[in-house]
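Student: I'm new to this structure and would like to learn how to read it. Could you take me through it one feature at a time?

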Amino acid sequence: ARTVLFKLIKKKSVWGVIEKAAALSLEQCELNSEDAAVSTFTNYMKHCALDEIASFLYCLSARGKKVEKYTAIVSPTELGTKLVKRGIVPLMMNIAKADLGRPSFRAMEGLADASRVKDCRQLMLQDPDCLEFLSATLSSSDGSMVSPTLLLVLHLLWDVEWCVKLSDFEPSLEKISMRWALYAMDAIIEREAS
């Protein structure tokens, strides 16, 4: 399976089709979310197309890591490094930033996996909106995005440059973590009580 994936990302023409499809689907979803005249079914189908692309990118990112048996060690593979160099990070960042529900969640999961590669973290460091995006995501009420975002932040903290940037995070990472931990505990207690 990895051989097929290597061939897929090696061919610029094939990767170009993936990039164009992702950009077009994202653009259509963003346009349709603002246009109430577009049918619900049309919106649904375009959202499904973007979800499939985001899921595909997530699966690629997930294949780009290696889990050591009987340990908690997870490390990037050659495939993960090649995916980052080919341009998977900007694709997933754009989908995650669009705040479109499941496709954005899948893209965030993919970013959390890809962020094990140092080049990914460096690319994200160069994005001027990245810190604001992370802060908005962690401060939102969308609980589904929190877990992959916190995993992404954990990987970003592997680099000194990110440590410095994230130390000025408002609200602080400690407050964000406590907020979501308390929310999870409350949800578990409520579920057990009913």
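Student: Let's start with one residue. Which helix is Thr 149 found in?

Tutor: Keep in mind that this is a predicted model. Thr 149 sits in helix H9.

Student: Is Thr 149 buried or exposed?

Tutor: The cut-off you need is that buried means under 20% relative accessible area. Thr 149 has 0% relative accessibility, so it counts as buried.

Student: And which residues does Thr 149 touch, leaving out those up to four places away in sequence?

Tutor: Thr 149 touches Met 108, Leu 134, Thr 137 and Leu 138.

Student: What about Pro 148, where does that lie?

Tutor: Pro 148 lies in helix H9. At 7% relative accessibility, Pro 148 counts as buried. Setting aside neighbours within four places in sequence, Pro 148 is in contact with Phe 105, Met 108, Glu 109 and Ala 112.

Student: Now the whole helix. Which residues of H9 are buried, and what do they pack against?

Tutor: The buried residues of H9 are Val 146, Pro 148, Thr 149, Leu 152, Val 153, His 155 and Leu 156. They pack against helix H6 (102-114), helix H7 (118-126), H8, H10 and H11.

Student: You mentioned H11. How many residues does H11 have, and what is its reach?

Tutor: H11 covers residues 173-193, which makes 21 residues. From its first C-alpha to its last, H11 reaches 30 Å, close to the 30 Å expected at 1.5 Å a residue.

Student: Which residues of H11 are buried?

Tutor: Leu 173, Ile 176 and Trp 180 are buried in H11. Looking down the helix axis, you'd find the buried residues of H11 within an arc of 70°, so they line one face of the helix. Those buried residues pack against helix H8 (130-139), helix H9 (146-156) and helix H10 (160-167).

Student: Then which exposed residues are on the face of H11 turned away from its buried side?

Tutor: That face carries Glu 174, Lys 175, Ile 189, Glu 190, Glu 192 and Ala 193.

Student: Let's move to the core. How many residues are in the largest nonpolar core?

Tutor: The largest nonpolar core has 47 residues, and those with the most contacts inside it are Leu 57, Leu 111, Met 124 and Leu 134. Helix H5 (residues 88-97) gives the most to this core, with 7 residues. Take Leu 111 as a case to click on: beyond its neighbours within four places in sequence, Leu 111 is in contact with Val 89, Met 92, Met 93, Ala 96, Met 124 and Leu 152.

Student: How do you look for empty space?

Tutor: Rolling a probe the size of a water molecule over the atoms shows where empty space is left. Searching the whole structure here finds 1 cavity of 30 Å³ or more. The largest cavity holds about 40 Å³ of space.

Student: Which residues line the largest cavity?

Tutor: Its lining is made up of Leu 60, Ser 61, Gly 64, Gly 80, Leu 83, Val 84, Ile 88, Ala 114 and Val 117. Helix H3 (40-63) and helix H4 (78-86) are the elements that give two or more residues to this lining. The largest share, 3 residues, comes from H4.

Student: Can we finish with Ser 61? Where is Ser 61 found, and which residues does it touch?

Tutor: Ser 61 is found in helix H3. With 4% relative accessibility, Ser 61 counts as buried. Not counting residues up to four places away in sequence, Ser 61 touches Leu 83, Ile 88, Met 92, Gly 110, Asp 113 and Ala 114.

Methods. Residues are numbered from 1 along each chain as its sequence is written. This is a predicted model: local features need pLDDT of at least 70, side-chain atom pairs count only at pLDDT 80 or more; totals for chains, interfaces and linings use all residues. Side-chain values use heavy atoms; hydrogens and water are left out. Helices (H or I, at least four residues) and strands (E, at least two) are DSSP runs, numbered from the N terminus. The expected span of a helix is 1.5 Å times one less than its number of residues. Buried means under 20% relative accessible area, exposed over 50%, partly exposed in between (1.4 Å probe, protein chains only). The arc is that of the directions from the helix axis to the C-beta atoms. Contact means heavy atoms within 4.5 Å. A nonpolar core is a set of buried Ala, Val, Leu, Ile, Met, Phe, Trp, Tyr and Cys residues joined through side-chain atoms within 4.5 Å. On a 1 Å grid over the protein atoms alone, a cavity is a set of points where a 1.4 Å probe fits but cannot get out, and a pocket is an open set with protein on both sides within 12 Å along at least five of seven lines; lining residues have an atom within 4 Å of a point. Grid points are joined across faces, edges and corners, and a volume is the space filled by probe spheres set on the points.
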